[in-house]
Amino acid sequence: MEASLPIVCVTIGPPPEVLARLEAVCQVRIVAADAPARVLQEALSRAEGLLCSALLPVNESLMARAPRLRVISNFGVGFNNVDLPEATRRGIAVCNTPGVLSDAVADLTLALILAASRRLVENAAYVTSRGWSGGRPAPALGFDVGGKSLGIIGLGRIGRAVAQRARAFGMEVVYHDTVETPQDGPDYCQPRKLDELLRESDIVSLHVNLTPETHHLLGARELALMKRSAWVVNTSRGPVIDQAALVRALRAGVIAGAALDVLETEPPMAKEPILSLPNVVLLPHVGSATVETRAAMLDLAVKNLLAVLAGQEPPACVNREALPRALERR
Ligand code: DGY
């Protein structure tokens, strides 16, 4: 009986109820994303499905060793870990989890903006390091976000959710989109060319996918266009900012600070210079890290996986052109 069930390779640790849901219709092979390559290749050699996260690079050589693979279901909205053209060429559907994490990531973006503006990290450390009780001078004052200009780069689902929240805090919102969208922004969001947005904004927040076009979208030239008092906030993908250029800009006072949930290398090397700068707020890639949001993401990732394996259209697929082949290879 089991032998006829499709094999799926899972590189995230699903909770028991999700594992049971998978095991009812698949033969599940659980492998850690950082397992030795031969272990992963062995698990994938007869697999029809792969359930993974951004931690697993799914490149050409891995796909070449998975000749039966029909679906890569990514646990996350970002899919820059997958070689998309290669997956499409091979007729492998690539699925992601859009929508269900937009509010969580937008909430965290606002948390970073407020942490920067109200010097939350410094003030908290002032208390816990006994600075307050010991009578040391308090950290410098923060700044109001009301009336300040927020420049959103990438007005997709998450960018729009950030814009709504920023509006509620009394911010002026301008945006720049790196892709053509049929929809205009809401009437309280004014479009700008990238350079104009950078010159004008008090806070610049990034909400683009990582693609060859957005890699190092903000480098030395772009950072130099920003106000010296401005902060950059990134909850998208680390490589959208040239981190070495950012470190130089932060050291030289080209911009005031950076509040980042993502870094170019994750986790960062212990000696990574950005870790020791005073004008940064750094988080360990936790944009979607709430119990409710992670459960909704996993549910959607499993639905995507099982739909393709059952020969049905998945709810969220980023290369729909691969679907006919992915579905017919059943
Ligand atoms: C996403 O969904 O892409 C988040 O960044 C988690 O990887």
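Predicted model: local features only at pLDDT ≥ 70, side-chain atom pairs only at ≥ 80, totals over all residues.

Analyst: Buried area is the accessible area, taken with a 1.4 Å probe, that two parts lose on being put together, summed over both.

The domain assignment divides the chain into domain 1, made of 2–100 together with 291–328, and domain 2, which covers 102–282. Their C-alpha centres are 32 Å apart, and the contact between them draws on 9 residues from domain 1 and 6 residues from domain 2. Together domain 1 and domain 2 bury about 600 Å², with 50% of that area on carbon and sulfur atoms. On the side of domain 1 that touches domain 2 there are 5 nonpolar and 4 polar residues, but no charged ones. The count of salt bridges between the two domains is 0, whereas 2 residue pairs are found in polar contact across the interface.

As for the ligand, the residues that surround it are Gly76, Val77, Gly78, Leu101, Arg237 and His285. Sorted by class, this shell consists of 2 nonpolar, 3 polar and 1 charged residues.

Gly78 takes part through its backbone, where an N or O atom lies 2.9 Å from a ligand oxygen. Arg237 instead uses its side chain, with an N or O atom 2.7 Å from an oxygen atom of the ligand, and for His285 a polar side-chain atom likewise lies 2.7 Å from a ligand oxygen. Of the 230 Å² of accessible area that the ligand has on its own, the protein covers 86%.

Conventions: Residues numbered from 1 in each chain as written. Heavy atoms only, no water. Domains from an automatic or database assignment. Contact = heavy atoms within 4.5 Å. Salt bridge = Lys/Arg side-chain N within 4 Å of Asp/Glu carboxyl O. Polar contact = N/O pair within 3.5 Å; in protein donor to acceptor, adjacent residues only side chain to side chain. Nonpolar A, V, L, I, M, F, W, Y, C, P; charged D, E, K, R; others polar. Near = heavy atom within 4 Å. Areas by Shrake-Rupley, 256 points an atom, 1.4 Å probe, with all protein chains shown as cover.
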